[in-house]
Amino acid sequence: MRVAINNLQEQVFGVRMVSASRIFALLPRLVRMTARKLGKKIDLRILGEETRIDSRIIEEMRDPLIHLVQNAIHHGIEPPEKRKNIGKNPTGTLTIAAAQEGNRILITVRDDGQGIQSERIRDRALKDGLLSHRDIKTVSEQELFELLFHPGFSTSETVDDIAGRGFGLDIVRQHVDRVQGEIDVRSHAGQGAEFVL
């Protein structure tokens with residue numbers, strides 16, 4: 001009896017599993033439209049489309065993924081002329097990947113742009129009263145990145161219809177929390193940023 005129940009559970013779970021391509025299929029058009037609107041050139045690389053993910057998680061990650069992709073194009077990847085002037089390929093690279101690591105699924109959004117500008121986060125956090133002058137001297141880079149997920153926090157001076165690095169990332173965190181996930185942020189000045197869900 002127990003074996004039959006286990007088999008039934010595995011079958012039900014298997015039915016809920018779908019490939020990451022279901023959500024990744026939306027991205028090429030989104031990237032083309034966003035890049036065209038901003039006058040940027042983007043080489044989109046998609047990896048791990050065959051990775052199987054629970055359909056509930058796929059649905060929950062759709063909006064966060066779209067937001068992170070738009071953020072990377074809008075605020076991460078520099079305009080072609082600027083990239084050329086600093087010795088980079090005028091075409092920026094945006095990599096979206098899915099992978100299974102043990103019993104966890106990792107979805108990564110990585111760009112080869114300017115990276116997250118820690119000083120701008122510090123300045124905004126100070127201005128918004130999220131950090132004191134004393135805190136600003138001791139806060140770690142990872143703690144600064146956490147501020148990006150604070151509701152309403154943005155380092156962008158203007159609001160537009162695409163994205164602002166920081167603006168709306170609290171919504172990304174809410175979606176990830178709903179599926180008991182985590183977000184890891186990595187950044188290297190001048191080399192890009194990476195969000196791992």
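A charge is said to sit over a ring if NZ of Lys or CZ of Arg is within 6 Å of the ring centre and within 35 degrees of the ring normal. The views below are taken from a predicted model.

**View 1. Arg173 and the ring of Phe149.** The charged end of Arg173 lies over the Phe149 ring, at 4.4 Å from the ring's centre. Aromatic pairs are a separate matter: searching the whole structure gives zero of them.

**View 2. Gln180 in its loop.** Gln180 belongs to the loop that runs between α9 (169-178) and β6 (184-188). Its phi is near 55°, which is positive although the residue is not glycine. Most residues other than glycine have a negative phi. Gln180 has a relative accessible area of 76%, and it counts as exposed because that value is over 50%.

**View 3. The largest pocket and its centre.** The largest pocket holds about 660 Å³ of space. It is lined by 26 residues, and those closest to its centre are Ile57, Asn103, Arg104, Ile105 and Gly181.

**View 4. Elements around the largest pocket.** Two or more lining residues come from each of α1 (2-16), β3 (52-54), α4 (55-76), β4 (92-101), β5 (104-111) and β6. The largest share belongs to β5, which supplies four residues.

**View 5. Residue classes in the lining of the largest pocket.** The lining is made up of 13 nonpolar residues, nine charged residues and four polar residues.

Methods
Residues are numbered from 1 along each chain as its sequence is written. This is a predicted model: local features need pLDDT of at least 70, side-chain atom pairs count only at pLDDT 80 or more; totals for chains, interfaces and linings use all residues. Side-chain values use heavy atoms; hydrogens and water are left out. Rings of Phe, Tyr and Trp (its six-membered ring) pair if their centres lie within 6.5 Å; planes under 30 degrees apart count as stacked, over 60 as edge-to-face and the rest as tilted. Buried means under 20% relative accessible area, exposed over 50%, partly exposed in between (1.4 Å probe, protein chains only). On a 1 Å grid over the protein atoms alone, a cavity is a set of points where a 1.4 Å probe fits but cannot get out, and a pocket is an open set with protein on both sides within 12 Å along at least five of seven lines; lining residues have an atom within 4 Å of a point. Grid points are joined across faces, edges and corners, and a volume is the space filled by probe spheres set on the points. Ala, Val, Leu, Ile, Met, Phe, Trp, Tyr, Cys and Pro count as nonpolar, Asp, Glu, Lys and Arg as charged, and the others, Gly among them, as polar.
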